Amino acid sequence: MRTQQINSLSNARVKQWVQLKERKYRNKEGLFIAEGIHLVQEALRSKAKVHSIVYDMELGLPSELQEWAHKGMDVEWIEVNDAIIRKCTDTETPQPVFAIIQKQGADYRLLLEANKPLVIVVDGVQDPGNLGTIIRSADAVGATGVVIGKGSVDLYNSKTVRSTMGSLFHLPIVEADLTTLLPEVKGQGIHVVSTSLQASHTCYSYDFTQPTWFVVGNEGKGVSSEVSLLVEDHILIPMKGHAESLNVAMATTVMLYEALRQREFAL
């Protein structure tokens, strides 16, 4: 275990970590921050490329991470004071540990080559909590992966990362131009699907056992006009009550679990 100690907010490493709170610096450095014991554990378990683990020197390394510190991993273990923890994290009451991790973009061809893929395509979702929940739900049902289109909130936004609860480390996540990628997807015989209030059939009558890429759109505007032109099937989530619509993350979860039911639990 290689241990370092940093006490100054003016330290160059600390300044770099603070910059990672901004998207442009995450893109430039190819790094992001994962805050909290659970997320750090999930990153290590999933063999993500963890560069450094930073923890509060007063509290010591959390017991949940002790086993990892003695595995001879190529990870820096850095003790810092509480002021540095607070400066580098976003939560009001920060947890005493965070990790600096290399961004892990996947190759979209992995999703195309999968047998009967079930992929969630995100087009312009803006809320970090919604994107995180969509990724978490995709992970829960064993989806093939997630594709994030341009105009969506950054996957590596600290709130998005926290909202995934570690699921971003469990399945392939691709960032892509949907207007370029979806035509190729359709050319592979994969069905590109989305929801519409004008659809003639419901999610319960749609065949999710076939290769499916499911597109979800912006919270207010829905799927963009450019992407909508590439969607071939539209389905409806039936609602018996008086709600006008479902939150995008909830609607995605409904669809994913119907797909899971059809694929794994149909009689």
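Me: Hi! Looking at the second largest pocket, how does its lining divide into nonpolar, polar and charged residues?
Reply: Its lining has nine nonpolar, five polar and two charged residues. Keep in mind that this is a predicted model.

Me: Thanks! And what volume does that second largest pocket have?
Reply: The second largest pocket comes out at about 240 Å³. Lining it are 16 residues, and Q104, G105, L168, F169 and L171 are the closest to its centre.

Me: OK, now the largest pocket. How much space lies in there?
Reply: About 670 Å³. Its lining counts 30 residues, with T195, L197, G222, S245 and L246 nearest the centre. By type, they split into 13 nonpolar, 14 polar and three charged.

Me: Which element gives the most to that lining?
Reply: That's β10, with four residues. Strands β9 and β11 (233-235) and helix α11 (248-265) each supply at least two as well.

Me: Let's stay with β10, then. Is that strand enclosed or open, and why?
Reply: Largely enclosed by the rest of the structure, because six of the six residues in β10 (residues 212-217) are buried.

Me: Which residues point which way?
Reply: T212, F214 and V216 point one way, while W213, V215 and G217 point the other way. In a regular strand, side chains alternate between the two faces of the sheet.

Me: And what does β10 pair with?
Reply: Strand β6 (residues 118-123) runs parallel to β10 and is joined to it by six bridges, with V119 standing opposite W213. Strand β9 (residues 191-195) also pairs with β10 in the parallel sense, over four bridges. There, S194 has V215 as its bridge partner.

Key:
Residues are numbered from 1 along each chain as its sequence is written. This is a predicted model: local features need pLDDT of at least 70, side-chain atom pairs count only at pLDDT 80 or more; totals for chains, interfaces and linings use all residues. Side-chain values use heavy atoms; hydrogens and water are left out. Buried means under 20% relative accessible area, exposed over 50%, partly exposed in between (1.4 Å probe, protein chains only). Two strands pair if DSSP finds at least two bridges between them. On a 1 Å grid over the protein atoms alone, a cavity is a set of points where a 1.4 Å probe fits but cannot get out, and a pocket is an open set with protein on both sides within 12 Å along at least five of seven lines; lining residues have an atom within 4 Å of a point. Grid points are joined across faces, edges and corners, and a volume is the space filled by probe spheres set on the points. Ala, Val, Leu, Ile, Met, Phe, Trp, Tyr, Cys and Pro count as nonpolar, Asp, Glu, Lys and Arg as charged, and the others, Gly among them, as polar.
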